[in-house]
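Thank you all for coming.

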Amino acid sequence: MEGPAPHAPDRRVIFTRAGILRGARDTLPLWLGMLPFGLVVGIIADAKGLTFLETVLMSAIVYAGAAQLLALELWTDPAPIGAAALAALVVNIRMAPMGAALAGWLDRLRGWRLWGTLATMVDHSFAMAVREQRAGGRDAGYLLGVGLGLWVAWLLCTAIGHLAGSAVRVPPGHPLYFASVAAFLSIMVGLWRGPRVDLGPWVVAGLLAVAAHRAGLPAPVPLLGGTLAGAALGAWIELRDQARRPPPAAGSAASAPQGPAPGDRG
Amino acid sequence: MELRLDVLLAILAMTVVTYACRAGGYAVLRAVRPPPFVDAMLRHLPGALFAAYVAPPLVAGSWPAWIGALAVVGVQLGTRNLGVAICAGVAAVWGAQALAG
């Protein structure tokens, strides 16, 4: 590691092929970790009647694992266009603050470099780009490289999952279907910020979803009702705590928006 | 190799919405800061969503599902690895169901 010049005269953001390749290479250790989640999405897609082409197309252009899994859980025949879009919105709205948090790089990009890089942004590429930025990195190609590397892995994993699912018929009620609950539970462990912040909202979200489910409300309603109520309670608790506790130092509340628990997701 | 119109439309709808979150979020939040309540709610949305998703099957589920849930949380805490945690959860449910006969 050569140390950067302390008075680097040029702090301009660059976008190079080398940066893209380095980002893509940095994803290789993550490929194996993505495999089970990708397999689950592929297998569920097959179980819900999606063809191989439809499954791979969804992975290629939606490219958002948790949203795909949730939409597939709500899947019906004919395809539930509104419910799928709603599922994607609720799961992926978390990505809205990520681009703003990376403005230091993105503001310097134009055209396909900007809008194409944004298209590949996922939790992991966000987390790795933040780390790279904090370490003084100024090659914005890195963000695109990580996004593309994970995209290839995602396509492969879901494709393999679909092939496996159609080769071996998995009967309903099989333990394998617990994998989608397991995936969301382990994501929740990564999101957990402590009982004060999360316990109330999560319990309310869960209980309301169960109640709406028992009341026989149709598919996305229990999920959405529980989610919105839980999130609103969380926001209320957070703002109430902020109002009670005066900020320790000026400006500390105005930190950049954070993505959910950087570092733990596929 | 079939691509049905209704499925294609659902996938395209998901794609548009997802891209709007990725790119539209950057374009909008760079220009305007949302009110604090909305900002805080956005941050709480994912956790609440997943809680609302897992609660009904767990509440309705039998004890093997709970064993599986404990295994997932324990392994995720220990390894911080999503893939390993999913496998552990499925294996635990499998084992518990086998025990239950």
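This is a predicted model: local features need pLDDT of at least 70, side-chain atom pairs count only at pLDDT 80 or more; totals for chains, interfaces and linings use all residues.

Residues are numbered from 1 along each chain as its sequence is written, chains are lettered from A and ligands numbered from 1 in the order in which they are written, and side-chain values use heavy atoms, with hydrogens and water left out.

Coming back to the two helices, α12 covers residues 195–214 of chain A and α13 covers residues 220–244 of chain A, and they pack at an angle of about 155° with their axes 7 Å apart. The axes are lines fitted to C-alpha atoms, for helices over the stretch in contact, and the angles run from 0 to 180 degrees between N-to-C directions. The two helices are therefore roughly antiparallel to each other, a term for angles over 145 degrees, with under 35 counting as roughly parallel, 65 to 115 as roughly perpendicular and the rest as oblique.

Which residues in α12(A) and α13(A) meet? On the α12(A) side they include Gly200(A), Val204(A) and Leu208(A), and on the α13(A) side they include Gly226(A), Leu233(A) and Asp241(A), with contact meaning heavy atoms within 4.5 Å. The residues of this contact divide into ten nonpolar, seven polar and two charged; here Ala, Val, Leu, Ile, Met, Phe, Trp, Tyr, Cys and Pro count as nonpolar, Asp, Glu, Lys and Arg as charged, and the others, Gly among them, as polar.

Asp241(A), in helix α13 of chain A, is buried, with a relative accessible area of 12%, where buried means under 20%, exposed over 50% and partly exposed in between, with a 1.4 Å probe and protein chains only. Its C-alpha atom and that of Leu156(A), 85 residues apart along the chain, are separated by 45 Å.

For chain A as a whole, there are 13 helices and zero strands, both taken as DSSP runs numbered from the N terminus, H or I of at least four residues for helices and E of at least two for strands. Buried residues make up 51% of the 266 residues in chain A.

Turning to aromatic rings, the structure holds six aromatic pairs over all chains. Rings of Phe, Tyr and Trp (its six-membered ring) pair if their centres lie within 6.5 Å, and planes under 30 degrees apart count as stacked, over 60 as edge-to-face and the rest as tilted. Phe37(A) and Trp154(A) form a tilted pair, 5.8 Å centre to centre with 45° between the planes. Phe37(A) lies in helix α2 and Trp154(A) in helix α10 of chain A, so the pair ties together parts that are 117 residues apart in sequence. Phe37(A) counts as buried at 1% relative accessibility, and Trp154(A) counts as buried at 2%.

Finally, some backbone details. A cis peptide bond, with omega about 5°, joins Asp77(A) and Pro78(A), and Pro78(A) has its place in the loop between α4 and α5 of chain A. Tyr63(A), although not a glycine, has a positive phi of about 50°, and at 4% relative accessibility Tyr63(A) counts as buried.
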